[in-house]
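The paragraphs after it start at the surface and then work through the rest.

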Amino acid sequence: MPAGPRPRASLLATLSLVLGVASVLFVLTGTLAGYGIAVGALGALLGVGGISATSRRHVAGKSDALLGLGLGLTAVVIGILAMTGQFTWPTTDGDWVLRFREWLDAQFVDRF
């Protein structure tokens, strides 16, 4: 078996995964849903580029690209539904992270 170049990870696939995770987190806060839609769309585009980049030999990261593409598209869909008011949560009308923190503080006030 002839030794070829070592496999390397695709930068587009890795960036797609990072932006996909960030976009889902942005959308789930509710307040940052608009930014989550934009970051999710960018992550999905980079995921398509990552899939095409990993089709070459010795380029790894196809699963990263697919996961980034899926998370980006999921964030776009949930973000659009949140912006149009078709969900009760996440919504853009309040700071859900602060509400969740206050709920957690109320639950664990006597335990620490």
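Begin with a patch on the surface: Val21, Leu25, Phe26, Leu32 and Tyr35 form a nonpolar patch there. Together these residues have about 460 Å² of accessible area. Helix H1 gives the largest share of the patch, 3 residues. Tyr35 lies in helix H2, which covers residues 33–53. Tyr35 counts as exposed because its relative accessible area is 59%, and the limit for that word is over 50%.

Keep in mind that this is a predicted model, and that the values given here are computed from it.

Now step back to the whole chain. The protein has 4 helices and 2 strands. Read from the N terminus, the order of these elements is β-α-α-β-α-α. How does the radius of gyration of the protein stand against that of a compact globule of 112 residues? The globule would have a value near 13 Å, whereas the protein has 19 Å. Along the principal axes, the C-alpha atoms fill a box of roughly 65 × 40 × 15 Å. Of the 112 residues, 29% are buried. The accessible surface comes to about 7400 Å², and carbon and sulfur atoms account for 70% of it.

Contacts give another view of the fold. Take the contacts between residues at least 6 apart in sequence: 69% of them join residues at least 24 apart.

Is Ser16 buried or exposed? Ser16 has a relative accessible area of 0%, so Ser16 is buried, the limit being under 20%. Setting aside residues up to four places away in sequence, Ser16 touches Gly43, Leu46, Gly47, Ala65, Gly68 and Leu69. Among these, Gly47 can be looked at atom by atom: its backbone nitrogen lies 3.3 Å from a polar atom of the Ser16 side chain.

The second example, Ser23, also lies in helix H1. Ser23 is buried because its relative accessible area is 0%. Which residues does Ser23 contact, leaving aside its neighbours within four places in sequence? They are Gly36, Val39, Gly40, Leu71, Gly72 and Ala75. The side chain of Ser23 also has a polar atom 2.8 Å from the backbone oxygen of Gly20.

Leu11 belongs to helix H1. With a relative accessibility of 62%, Leu11 counts as exposed. Leu11 and Gly49 stand 38 residues apart in sequence, and their C-alpha atoms are 9.8 Å apart in space. Leu42 has its place in helix H2. Leu42 is partly exposed because its relative accessible area is 44%, a value between the 20% and 50% limits. From Leu42 to Leu69 is a step of 27 residues in sequence, yet the distance from C-alpha to C-alpha is 9.3 Å.

Helix H3, residues 62–83, contains Val77. Val77 counts as partly exposed, at 48% relative accessibility.

The last stop is a loop. His58 lies in the loop between H2 and strand S2, which covers residues 59–60. The relative accessible area of His58 is 27%, so His58 is partly exposed. What is the phi of His58? The angle is near 65°, a positive value in a residue other than glycine. Most residues other than glycine have a negative phi.

Note on methods. Residues numbered from 1 in each chain as written. Predicted model: local features only at pLDDT ≥ 70, side-chain atom pairs only at ≥ 80, totals over all residues. Heavy atoms only, no water. Buried < 20%, exposed > 50% of the residue type's maximum accessible area, 1.4 Å probe, protein only. Polar contact = N/O pair within 3.5 Å; in protein donor to acceptor, adjacent residues only side chain to side chain. Contact = heavy atoms within 4.5 Å. Patch = residues over 30% accessible without salt bridge, like charges linked within 9 Å, V, L, I, M, F, W, Y side chains within 5 Å. Areas by Shrake-Rupley, 256 points an atom, 1.4 Å probe, with all protein chains shown as cover. Salt bridge = Lys/Arg side-chain N within 4 Å of Asp/Glu carboxyl O. Rg over C-alpha atoms; globule rule 2.2 N^0.38 Å.
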